[in-house]
Amino acid sequence: MAQGFSREPGTQGPLTDVPEPAARKITLWAGAIALGGFLFGFDTGVISGALLYIRDDFALSSFQQSSVVSVLLIGAVVGAMLIGALSDRIGRRRTLGLIAVVFLGGTALVTFADGFLVLLAGRIVLGLSVGAASATVPVYLSEISPPAVRGRLLTLNQLMITVGILVAYLVNLAFAAGEQWRAMFAVGAVPSALLLASTLWLLPESPQWLITHGRAEAARRGITALLGKAAAEEVVARAERRMAEDREAKKDGQVEQGARRLLAPVRPALVIGLTLAAVQQFGGINTIIYYAPTIIEQTGLTASNSILYSVCIGVINLVMTVVAVRLVDRVGRRPMVLVSLALMAVSVFLLGLSFVIELGSGLTLLFMVVYIAAYAGGLGPVFWTLIGEVFPPTVRAEGSSVSTAVNWVSNFAVSLTFLPLASALGQGETFWIFAAICLAALAFVAKYLPETRGRDADQIDRALHRRFGSPEPRP
């Protein structure tokens, strides 16, 4: 309920204090929606262990192995780009249900694949669903979240991504002894089925979407049942008032139609969304998530120890994301991103140094853990919070879709170029490039990113325009 719950904390009104029963129900809904994030993490993480056995069973070349990993990212770009328009057309709940069906189809394909081509097709289908989920979940969470807990609920997405990655690592470990790579993939059918069941029998449609599509009475009934009649009237009146203002602006030629809406009145939000989407990946996080065993093995540890330590990295990733979930509505988004980027820059620089001057496996692992902790405690989860907040409701699905697509393109580019760069420049020097990117991002955030905690869409929009020195939108 993006606009419905948009009220500054501390002011008087029915939306400031959410009753405990309503808060519990909203949290349950958020947890179900965030199953999409879990599947995002699981399907990107499970391949690291499964590939060790697939390559022997199917006699895959190096290029084919790389294709099996990277083709999911290509599918994710397409899924993220396409899902915004579909979500606006059929609603958030139905879109998430469709995504769950696609997850189940992709899981079936990879589980029962009889050769490289079917496996590749299954990974593409999983990629479509992963990308679509990564764009849909933040929007859906944003539109059911009161401002007092909006950051916490939006960071649930990243929390569930990290849980998914960790579970994938543990599933790999559990089935490694029997080399059961099909079972590793098949586990993904369980959360997919739970997500589908949630969309059928548990989750409500976003009130913001209902109001936007002329179903204000349905939205009013849902909000009344949750928060009472006074809150429902305020939610609907505020949303309808904003829609009327948008219609007047369109008549006057002040608002662009279609995709061009992102390039005119909300350009500062788009710059923030796209820049943070790219930085989240070009800061180097997935070189460690995808290649942790390879990196650790190069410090002198055995392959079995490398897999075990990669599980430890998954645990750190999860723990620090939990910390971020607890802090984001207390500390705020901006300071968390600033501290995160500063620590990431220092730790990844030291990680590079440990390879250049050969500091040993102990220090290398320490710097890697600090880097993961810095990312997971700030930039990782807060990015998903911000793309659910910085875009106005009229372009929120489109803005989230485009930002998520850039995130996946950046993920693909970094994953594809890391090993060649490390071979050409040296592994340590490649990590120094990531450190420089983190420093540049730190300067960008310090200048352009306003605090969004507790602010409604109009307040965030005005703060963004002030930061960018552009004319503020009309009040």
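The paragraphs below treat a helix, its packing partner and a loop residue.

This is a predicted model, in which local features need pLDDT of at least 70 and side-chain atom pairs count only at pLDDT 80 or more, while totals for chains, interfaces and linings use all residues. Residues are numbered from 1 along each chain as its sequence is written, and side-chain values use heavy atoms, with hydrogens and water left out.

Helices are DSSP runs of H or I with at least four residues, numbered from the N terminus. The 14 residues of helix 1 should span 20 Å at 1.5 Å a residue, and its end C-alpha atoms are 20 Å apart, which agrees; the expected span is 1.5 Å times one less than the number of residues. Buried residues (under 20% relative accessible area with a 1.4 Å probe, protein chains only; exposed means over 50%, partly exposed in between) of helix 1 are Ala-22, Ile-26, Trp-29, Ala-30, Ala-32 and Ile-33. Because they cover an arc of only 160° around the axis, they lie on the same side of helix 1; the arc is that of the directions from the helix axis to the C-beta atoms. Exposed Pro-21 and Arg-24 are carried by the face turned away from the buried side of helix 1.

Gly-31, Ala-32 and Ile-33 in helix 1 meet Leu-35, Gly-36 and Gly-37 in helix 2, where contact means heavy atoms within 4.5 Å.

Gly-377 lies in the loop between helix 17 (361–376) and helix 18 (379–387). Not counting residues up to four places away in sequence, Gly-377 touches Met-320, Ala-324 and Met-336.

Definitions and conventions. Helix = DSSP H or I, 4+ residues; strand = E, 2+ residues; numbered from the N terminus.
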